[in-house]
Amino acid sequence: MIKATSTSTTRYTTQRIGFGLLTAMTLFTVLPILAVVIYILVLGTPAINGEFISGFPREGMRAGGIWPAIVGTFYLTLGTAIFAVPLGIGAAIYLSEYAPENRWTRLIRIAIINLAGIPSVVYGLFGLGLFVLFLQFGTSILAGSLTLSIMTLPVIISTTEEALRAVPQAFRTVSISLGATKWQTIRRIVLPQALPGTLTGVILGLERAAGETAPILFTVAAFFLPRLPASPLDATMALPYHLFVISTQVPGMPVKIQYGTALVLLAFVLGMNFIATTIRSRARARRQW
Amino acid sequence: MNKISIENLTLHYSDGTESLRNITMGIPANQITVLFGPAGGGKSSLLRILNRLNDLADVTYLNGRVLLDEEDILSPKIDVINLRRRVGMVFARPVVLPMSIRQNLTYGLEVAGMKDRYRLDEAVERSLQQAALWNEVQDRLDDPAIALSGGQQQRLCLARVLALEPEVILLDEPTSGLDPISTGKVEESLQELKKTYTIVLVPHSVQQAARTADFAAFFLQGELIEYAANKILFTNPENQKTEDYVEGRFG
Ligand SMILES: Nc1ncnc2c1ncn2[C@@H]1O[C@H](COP(=O)(O)OP(=O)(O)O)[C@@H](O)[C@H]1O
Ligand SMILES: [Mg+2]
C-alpha cells in the first residue's frame, strides 16, 4: 500500500514538472514574436499619419510618405496571385485527383518539396536570368510577379493538395455512383469542400510573396521611384525592399520612418494572416464531416 | 424474365486474389434477389460490377459477360454514366453529401442536366415518399442532410437513388448500422419498391436474407455455391455448405 502511494506521488510530481516545462517552452516561443510586434508598434506608430500612408517620399526618402511602395507591394501581390493561384490549384487538382501513383508522380512531388526549400535569393537570380534578361521583360512588375509566383507555387500546391485529400473519399464514390462524371464530382463536391483549406494556403503563400525582399531585388524593385507604376512593364518600389534601403543604404534616416515602414509591412502581412485564420476557423465550424 | 444475366464472370484484384470465380446467374425483374454468405465472399465486388463502380478499384482481370436487358454492360462501348443512372447503389454506411436534404436528392438529376425546378421538386417529394421519409423531413428540406439521424440518413440515401428513377437498385448491407425499427422501415420499403424496380440486396444477416429474399444466392470465397428461390434455399438447401451456413453452423 505504502509503496503504491509513494509511486503515484512521484508520478504526480513528474507530471507537474513536465507540464511546467512545456508551458515555459511555449511562452518562450511566443515571447519573441510578441516582443517584435510591440517594439515595432511603439517605434513605428508615431510615424503613421495621412501623409506617411498616402504621400510620396521627399528629401531623399527622409521625409514624406511611402505610398509608391504600398502600391507596388499591392500590385506585386496581385500579379503573383494572377499567375500562381490558377496554376497552383490546377496542379494540386491534378496531383490529388488524376495523377496515377507512379515514379513520375513521385518525382513531381519531390521536386515540389525541394522547390519550397530553395533560398529566396536563388529565385531572385533565376528571375533575373529568365524573365528580366532572357524574356526581356526588364525590371518590371511582370518579371517580379512571375518570380514571386514560382517561389509561391510550392506552398499553394502542397496546401491545396492537402485540402483536397482531406475531403472524404466516400463523397467521391457516392457522387460517381449517382452518375456524375469525375469532373462534375470535383467541381461540385470536392472543390467546394476543399475551398477553405485552399484559400488559407493561397493567402499564406501570397503573404510570403508580399514580405520577401530577395526575389524582387533584381527583378522589379526600384531604389527610389517617386511615381506610381503605369503598366506591368514598369519597375516599382515595394515595401520590403524599401525597408531594406532606408534601413541600410541612406545615412541620417529618421528611425520613426524606418519603423513606420516596418509597421505598415507587418500590418499588410498580419492582415492577410488574420483573413486566412478567420476563413479556416469559420469553415471548421461549418464543416459537415 | 431476367433483368440481368451474369455469365461466367471472373474477377481478380491487383493483389492476385480471385474474388469471383466463374459466376453465372440470372437476376429476375421486379424481385428481391439476395446475395449472402460470409465476409470476403465477393458479394460487394459483384454488386460494384453491376453499375461499373468497380472501375474505380484495382481490378487486374475481369472476364465474362453481364447483360442488362440484353446489353453487355462490361463492353467498353457502354455509356457508364448512363448505366449508373439506370443501376443505383445504396452503401452500407449512409454517406450523405455535404449539402441540404433537397440538394442530396436533386444531385443526380442536376448532374444529368435537369434544371426544371418543378420537375426537381416533384422528384424530391416522390422519392421521399417511396423511401418512407417524406413525413419526417417535409418541413426541413433545406436543412443540412447531416442533421438527420442514422436511420433517416440511410433512407435519404435510398431516396437519392430513387430520385433518378433507376431500373435496378443495388443495396450493400444497407441496414448494418441501423436499429431494428429503422431496419424494419427499410425492409418494408423494399417490398413496396420491387413492384417498380429490380432489387439486388446484400443483407447483413441470414435472418434478413430469409425475411426479404424472393431468390437467394449463397456466396463462399468467390464461388456461387447455391442459388434458388427463398422457400427452397432456406428450408431445403441442396448443398451441405449452404445448409451449415443457413443453420448457423459456421459464420
Ligand atoms: N478494392 C479492392 N481491392 C482489392 N481487393 C479487394 C477489393 N475489394 C474486395 N477485395 C477482395 O475481394 C474479396 C471479396 O471481397 P468483397 O467483394 O468485399 O466480399 P464481401 O462483400 O462478400 O465481403 C476479398 O478477399 C477482398 O479482400
Ligand atoms: Mg461486402
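Predicted model: local features only at pLDDT ≥ 70, side-chain atom pairs only at ≥ 80, totals over all residues.
**View 1. Polar atoms beside the oxygen atoms of ligand 1.** A polar side-chain atom of B:Ser45 is placed 2.5 Å from an oxygen atom of ligand 1. From the backbone, an N or O atom of B:Gly41 lies 3.0 Å from an oxygen atom of the ligand, and a polar backbone atom of B:Gly42 is likewise 3.0 Å from an oxygen atom of ligand 1. On its own, ligand 1 has 560 Å² of accessible area, of which the protein covers 68%.

**View 2. The four-stranded sheet of chain B.** This open sheet is built from four strands in the order β2-β1-β4-β5 of chain B, and their pairing is antiparallel. Strands β2 (18-28) and β5 (71-72) of chain B each have a single partner strand and stand at the edges, so one side of each is left without a neighbour in the sheet. Strand β4 of chain B, residues 59-68, is joined to β5(B) by two bridges in an antiparallel arrangement, and B:Leu68 has B:Glu71 of β5(B) as its bridge partner. Helix α1(B) packs on this sheet, where it touches β1 (2-13), β2 and β4 of chain B, and the direction of the helix makes about 120° with that of β1(B).

**View 3. Two hairpins of chain B.** In one hairpin, β1(B) and β2(B) are separated by four residues, and B:Gly16 in the turn has a positive phi of about 95°. Seven bridges connect these two antiparallel strands, β1(B) and β2(B), and B:Leu9 has B:Ile23 in β2(B) as its bridge partner. Another hairpin is formed by β9(B) and β10(B) with two residues between them, and here B:Gln221 in the turn has a positive phi of about 45°. Strands β9 (residues 215-220) and β10 (residues 223-229) of chain B run antiparallel and are joined by six bridges, with B:Phe219 standing opposite B:Leu224 in β10(B).

View 4. Six strands of chain B form an open sheet with mixed pairing, in the order β6-β7-β8-β3-β9-β10. At the edges stand β6 (87-90) and β10 of chain B, each with a single partner strand, so one side of each is left without a neighbour in the sheet. Direction ignored, neighbouring strands of this sheet are turned by 15° against each other on average. Strand β6(B) pairs with β7 (residues 168-172) of chain B in the parallel sense over four bridges, and B:Val90 stands opposite B:Leu171 in β7(B). Helix α1(B) packs on this sheet through β3 (32-36), β6, β7, β8 (198-202) and β9 of chain B, and its direction makes about 150° with that of β7(B). Helix α6 of chain B, residues 150-162, lies across β6 and β7 of chain B and runs at about 175° to β6(B).

Methods
Residues numbered from 1 in each chain as written. Chains lettered and ligands numbered in written order. Heavy atoms only, no water. Polar contact = N/O pair within 3.5 Å; in protein donor to acceptor, adjacent residues only side chain to side chain. Areas by Shrake-Rupley, 256 points an atom, 1.4 Å probe, with all protein chains shown as cover. Pairing = 2+ DSSP bridges. Contact = heavy atoms within 4.5 Å. Axes fitted to C-alpha atoms, helices over the stretch in contact; angles between N-to-C directions.
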